[in-house]
Amino acid sequence: MVAIRHVTGYAATGAAVLALALAGCGGGGGGSSGSGTSTPQKSGSAQSGGSTQNGTTGSATTTLTTAKVAKLGTVVTDGKGYVLYRFDTDSANPTKVSCYDTCAALWPAATTTAKSAVTTKGIDKSLVSTVKRNDGTTQITLAGWPLYRYAKDDEPKEPYGQGVDGTWWAVTPGGAKITTPVATSSTPAPATTSPGAGGY
């Protein structure tokens, strides 16, 4: 009986010490992580501006690089290898953004915290700038053209956005649009009729 009481007492004391230690760790960690997550306000607003579909653009893009994509050649991508596009309805001189709301849900802007935060690999840094969007986020531009991701590109180097609506184009490292068509699984093939199919 005495032995059992001693074991029970030790267990209770150990549990109390463990609870205090955990409370101390949790309080300190929560405070520092809370202050860390509240700082990047713009990153959160970028997500509400239509970038939530892709984690790559939901958080600010900080790297522009290049990749070779079949049939298109060398294109501009973000740091994770996702193809970036420009939109014919936008303009480069002066820079104008026209993709918002529903458009931005399908074509999330490539955003950053500031022009100085963007690094380049294989792209002339002097061609890179930024433009303020009407939701307050900062969009990266190349040769004056605002850059976007395509929500249906779910793998790096997938150019499913190439030529969509005849207005969206992958971009060369110099900012020019690539107009080479690319047949992809997300673009339905045109209907064909054969001589014997007239009855349908």
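Are Y148 and W168 buried or exposed? Select the two residues in this predicted model and have a look: both Y148 and W168 are buried.

**The aromatic pairs**

Keep those side chains on screen. Six aromatic pairs turn up when the whole structure is searched. In the pair formed by Y148 and W168, the ring centres are 5.1 Å apart and the planes stand at 90°, so this pair is edge-to-face.

**A charge over a ring**

Move on to R86 and W145. The charged end of R86 sits over the W145 ring, 3.7 Å from the ring's centre.

**A cis peptide bond**

Now find P94, in the loop between β4 (91-92) and β5 (95-96). Look at the peptide bond leading from N93 to P94: it is cis, with omega near 5°.

**Two positive phi angles**

Select A143, in the loop between β9 (138-142) and β10. Its phi is near 55°, a positive value in a residue that is not glycine. A143 has 30% relative accessibility, so it counts as partly exposed.

Finish at D165, in the loop between β10 and β11. D165 is not a glycine either, yet its phi is positive, at about 55°. With 70% relative accessibility, D165 counts as exposed.

Conventions
Residues numbered from 1 in each chain as written. Predicted model: local features only at pLDDT ≥ 70, side-chain atom pairs only at ≥ 80, totals over all residues. Heavy atoms only, no water. Phe/Tyr/Trp six-rings, centres within 6.5 Å; stacked < 30°, edge-to-face > 60°. Buried < 20%, exposed > 50% of the residue type's maximum accessible area, 1.4 Å probe, protein only. Lys NZ or Arg CZ within 6 Å of the ring centre and 35° of its normal. Helix = DSSP H or I, 4+ residues; strand = E, 2+ residues; numbered from the N terminus.
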